[in-house]
Amino acid sequence: MNLFRLDASIRTDGSTSREIADVVESEWLAAHPGDTVERRHIGVDVLPADAWGHAVAASQTPEAERTEEQRTAAALAAQLVDELVAADAVLLAVPLYNYGVSQHVKTWVDLVISDPRAAAGAPPFLAGTKVVLCTVRGGAYGAGTPREGWDHATSYLRRIVADVWGVELTVVERELTLVGANPALDEFTDLAAEMHEGALASAREAGRALSVPQAA
């Protein structure tokens with residue numbers, strides 16, 4: 001069995017999305033000891049910002065006429081799709097940044113979709129694959145909060161990963177991660193701790209479910 005894990009935090013130490021994903025991964029490895037976890041950390045090992053444009057141009061250019069930049073970008077897009085297609089399960093750790101996904105995540109998604117296997121109109125290339133999305137938010141964005149409707153990342157990722165790519169998606173969420181760092185949120189300390197514990201419990205459950213093989 002092969003688990004593909006994508007991290008998108010710009011942090012390596014103290015990342016709250018990484019913490020949640022680590023729990024999911026641990027549960028998966030407990031059920032698959034010795035199996036493979038393939039990793040890509042796009043928040044640290046950043047994909048080239050101009051690669052998507054070159055990959056799109058490559059898809060519209062006969063191979064013999066492609067520039068070196070176009071060939072390199074198309075090969076990168078193919079590699080990203082290969083990583084997903086080869087996986088028996090997928091784990092995504094994607095924090096909310098500035099009310100949406102980071103440029104790193106958007107570049108990754110756009111490059112994947114530039115590959116013919118994942119292009120618009122193609123059959124969902126990950127149909128039925130189990131995916132866990134771990135997402136964290138510094139403040140509160142739920143119903144009735146001042147920032148309700150400001151999270152433009154989670155709904156976008158649901159649309160792309162579940163609806164376009166066809167996966168079986170589970171979302172593990174944690175809010176108020178900036179409590180303790182932002183004094184303006186001190187009044188929510190107890191609620192933040194409750195949400196943290198709830199997210200860890202959900203991550204353990206999601207990891208156990210992720211480790212169950214797909215039905216034939």
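The questions and answers below walk through a predicted model of one protein chain.

Me: How many helices and strands does the secondary structure of the protein chain come to, and in what order do the elements run?
Reply: Read from the N terminus on, the elements of the protein chain follow the order β-α-β-α-α-β-α-β-α-β-α. The secondary structure behind that order comes to 6 helices and 5 strands.

Me: How does the radius of gyration of the protein chain compare with what the globule rule gives for 216 residues?
Reply: For 216 residues the globule rule gives 17 Å, and the radius of gyration of the protein chain is close to that value, so the chain is as compact as a globular protein of that length. Along the principal axes, the C-alpha atoms fill a box of roughly 60 × 40 × 30 Å. The radius of gyration itself is 18 Å.

Me: Among contacts between residues at least 6 apart in sequence, what percentage join residues at least 24 apart?
Reply: The contacts considered here are those in the protein chain between residues at least 6 apart in sequence. Within that set, the share joining residues at least 24 apart is 79%.

Me: Which residues does the UniProt annotation "domain: Flavodoxin-like fold" cover, and how far apart are the end C-alpha atoms of that stretch?
Reply: According to the UniProt record, which is an unreviewed entry, the annotation "domain: Flavodoxin-like fold" covers residues 1-167. Over residues 1-167 the chain is 40% helix and 14% strand, and the distance between the end C-alpha atoms is 17 Å.

Me: How many aromatic pairs does a search of the whole structure find, and what is the geometry of the one between Trp-108 and Trp-165?
Reply: The search of the whole structure finds 3 aromatic pairs. In one of them, Trp-108 and Trp-165 lie 5.7 Å apart, centre to centre, with 80 degrees between the planes, and planes over 60 degrees apart count as edge-to-face. The geometry of the pair is therefore edge-to-face.

Me: Why does the pair of Trp-108 and Trp-165 tie together parts that are apart in sequence, and by how many residues?
Reply: Trp-108 lies in helix 4, residues 103-114, whereas Trp-165 lies in the loop between helix 5 (154-164) and strand 5 (168-174), so the parts that the pair ties together are apart in sequence by 57 residues.
Trp-108 is buried, with 2% relative accessibility, and for Trp-165, also buried, the relative accessible area is 2%.

Me: Which residues do ring pairs link into a cluster?
Reply: The rings of Phe-125 and Trp-165 have centres 5.4 Å apart and planes at 70 degrees, so they form an edge-to-face pair. This pair links distant parts of the chain, 40 residues apart, with Phe-125 in the loop between helix 4 and strand 4 (130-136). Phe-125 counts as buried, at 17% relative accessibility. The cluster that ring pairs link together is made of Trp-108, Phe-125 and Trp-165.

Me: Where does Glu-83 lie, is it buried or exposed, and which residues does it touch?
Reply: Glu-83 has its place in helix 3, which spans residues 68-85. Its relative accessible area is 19%, and because buried means under 20%, Glu-83 is buried. Not counting residues up to four places away in sequence, Glu-83 touches Phe-4 and Arg-40.

Me: What is the phi of Asn-98 and of Tyr-99?
Reply: Most residues other than glycine have a negative phi. Although neither is a glycine, each has a positive phi, which is about 50 degrees for Asn-98 and about 75 degrees for Tyr-99.

Me: How far apart in space are Val-212 and Lys-130?
Reply: Val-212 has its place in the segment after helix 6 (189-210) and is partly exposed, with a relative accessible area of 45%. Val-212 and Lys-130 are 82 residues apart in sequence, and their distance in space, C-alpha to C-alpha, is 9.3 Å.

How values were computed:
Residues are numbered from 1 along each chain as its sequence is written. This is a predicted model: local features need pLDDT of at least 70, side-chain atom pairs count only at pLDDT 80 or more; totals for chains, interfaces and linings use all residues. Side-chain values use heavy atoms; hydrogens and water are left out. Rings of Phe, Tyr and Trp (its six-membered ring) pair if their centres lie within 6.5 Å; planes under 30 degrees apart count as stacked, over 60 as edge-to-face and the rest as tilted. Helices (H or I, at least four residues) and strands (E, at least two) are DSSP runs, numbered from the N terminus. Buried means under 20% relative accessible area, exposed over 50%, partly exposed in between (1.4 Å probe, protein chains only). The radius of gyration is taken over C-alpha atoms; the globule rule is 2.2 Å times the number of residues to the power 0.38. Contact means heavy atoms within 4.5 Å. UniProt positions are given in the numbering used here, feature names are shortened, and annotations may be inferred rather than shown by experiment.
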